Amino acid sequence: MKQQAALDILKLGHNIFLTGPAGSGKTFLLNQYIKYLKSKNVGVAVTASTGIAATHLDGQTIHSWSGLGIKDEISVSDLTKLRRKPHYRKRFAKTKVLIIDEISMLHAHQLDIVNRICKNFKEPLLPFGGLQVILCGDFFQLPPVTKENKKPKFVTGSFSWQEMKPNICYLDEQYRHEDSEMTRILNAIRGNEVDDEIFDLILTRENKNVAITGIKPTRLYTHNADVDAINNLELQKINEKPIAYQMYAKGDEKLIKVLKKGCLASEKLVLKKGATVMFVKNNFDRGYVNGTLGIITGFDENKLPIVKTFSGKSIIASPETWLIEEDDEILASVSQIPLRLAWAITVHKSQGMTLDMAEIDLSKSFEYGMGYVALSRVRTLGGIKLLGINETALEVNPEIYELDKELQKISLENTKEISEMGWLEKRRRQKKFVKKDA
């Protein structure tokens, strides 16, 4: 499905599952729809399953927004307490559209709890209380985190999924990957068709250097311990004066904590001339996106870092702000230089990023989707240096493979419906949705 067709369906007010391969523009499309809703004064709640994903949309976690918090279940008493809180009553009263990004990482039972909470505040007999619900994500990417090696249960196995009966918008265009070989590899992983030829194609990047203009590629590892050790060691190697930047926070303390946890920027960022860094926020006007690599070439008169990017552009990295807002009111914000040390990062934290180049170690992969997420971060196959790989890295969840075929089929049907709908009828229904009271 093309992005315009998906946007037209979103505007009709249907419940939606927005999906598609890595780099197909899901977050971009969500931001377009959010902008549209705000222009029509329609209350939209922008959330995600993780704090990192939430920062991509200037939203908050679904746990924080809904009042679910860290609970794994919710009682009638809990619902009653929530309903007594004025700020939650006001929040739900003004909300008409609920967006949940990176839905692959949300447990089925958690979506059911959110459904119950929404009904608690809105219409009890309607799915999610009558809100338009947009679930966004890709089930080939990382699944919900489980304890004690329990099998994760995706939201498709929830009562809520069956009740909401979402339209499927499966985006099929590619905006990240710039060569046919990379697209071929990723399509093979998704199609469970990784044969010797595809594996050999991946192995052509084994221990092949990709460093250009003195910038060391970011290393992607599956475990935090490897990442922290590498970044600290590399910074210590540089014999230059360190300059530190402290994060500035304002607003509700609990929400600030959520932002700090989800935001990839550090509370205390220590940089040196020569350090390899990565931008951790999108700013198209300034010429960088979340994942743009560079090297610190110096500092200006205000001690702001000067970054020379992979493309050779010099950018003065001034502070950026991450915020949680509701009804155009800023509830919490944090400000920091939008950089982090980038010799290494975890595959988990890389989800949603676009990298120019990376050294990838998949030798300790332990979960479906790790190989797909890591490889799909990079624009081209030539931008990858493969440090290691195991069999688990390229495996796909058999259930997701079968589900994906069904999702593509339904998406084609939804595409046909919107294409056959007359222009006047489409606009009439879209206007009716935005004018209808929340």
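Before looking at surface charge, I noted that patches are made of residues with over 30% relative accessible area and no salt bridge, with like charges joined within 9 Å and nonpolar side chains (Val, Leu, Ile, Met, Phe, Trp, Tyr) within 5 Å. Accessible areas come from the Shrake-Rupley method with a 1.4 Å probe, and for residues only the protein chains shown count as cover. A salt bridge is a side-chain nitrogen of Lys or Arg within 4 Å of a carboxyl oxygen of Asp or Glu.

I kept in mind that this is a predicted model, in which local features need pLDDT of at least 70 and side-chain atom pairs count only at pLDDT 80 or more, while totals for chains, interfaces and linings use all residues. Residues are numbered from 1 along each chain as its sequence is written, and side-chain values use heavy atoms, with hydrogens and water left out.

**Entry: charged patches**

I looked up the positive patch on the surface and found that K71, K81, R83, R84, K85 and K254 gather there. K71 lies in the loop between helix 4 (62-66) and helix 5 (76-83); helices (H or I, at least four residues) and strands (E, at least two) are DSSP runs, numbered from the N terminus. K71 is partly exposed because its relative accessible area is 33%.

The negative patch on the surface brings together E193, D195, D196 and D200. I placed E193 in the loop between helix 9 and helix 10, and E193 counts as exposed because its relative accessibility is 53%.

**Entry: helix 9**

I then turned to helix 9 (residues 180-190), whose buried residues are M182, I185, L186, A188, I189 and R190. These buried residues pack against strand 6 (167-170), helix 10 (196-203), helix 14 (370-376), strand 20 (384-389) and helix 15 (398-420), where contact means heavy atoms within 4.5 Å.

I picked out I189 of helix 9, which counts as buried because its relative accessibility is 2%. Leaving aside neighbours within four places in sequence, I found I189 in contact with V194, Y372, L375, L394 and V396. The C-alpha atoms of I189 and L394 are separated by 6.4 Å, although the two residues are 205 residues apart along the chain. Just after helix 9, I noted that N192 takes a positive phi of about 55 degrees.

**Entry: salt bridges**

I recorded 14 salt bridges in the structure. In one of them R190 pairs with D404, the closest N and O atoms being 3.6 Å apart. This pair links distant parts of the chain, with R190 in helix 9 and D404 in helix 15, 214 residues apart. Both R190 and D404 are buried, and salt bridges that share partners join D138, R190 and D404 into one network.

In another, K2 meets D172, with the closest N and O atoms 4.0 Å apart. K2 lies in the segment before helix 1 (3-10) and D172 in the loop between strand 6 and helix 9, so the pair ties together parts that are 170 residues apart in sequence. K2 counts as partly exposed at 48% relative accessibility, and D172 counts as partly exposed at 49%.

I also looked up E163 and K119, whose side chains meet in a salt bridge (2.9 Å, N to O). E163 lies in helix 8 (residues 159-164) and K119 in helix 7 (residues 108-121), so this pair ties together parts that are 44 residues apart in sequence. K119 counts as buried at 17% relative accessibility.

I checked N41, a residue other than glycine, and its phi is positive, near 60 degrees. N41 is found in the loop between helix 2 (26-39) and strand 2 (44-48), and N41 counts as exposed at 73% relative accessibility. N207 is not a glycine either, yet has a positive phi of about 55 degrees; I found N207 in the loop between helix 10 and strand 7 (218-221).

Last, I located D361 in strand 19 (residues 358-362), where D361 counts as buried because its relative accessibility is 14%. Not counting residues up to four places away in sequence, D361 touches L220, Y221, T222, L387 and G388.

Key
Buried < 20%, exposed > 50% of the residue type's maximum accessible area, 1.4 Å probe, protein only. Lys, Arg positive; Asp, Glu negative; His and termini not counted. Charge placed at Lys NZ, Arg CZ, Asp CG, Glu CD.
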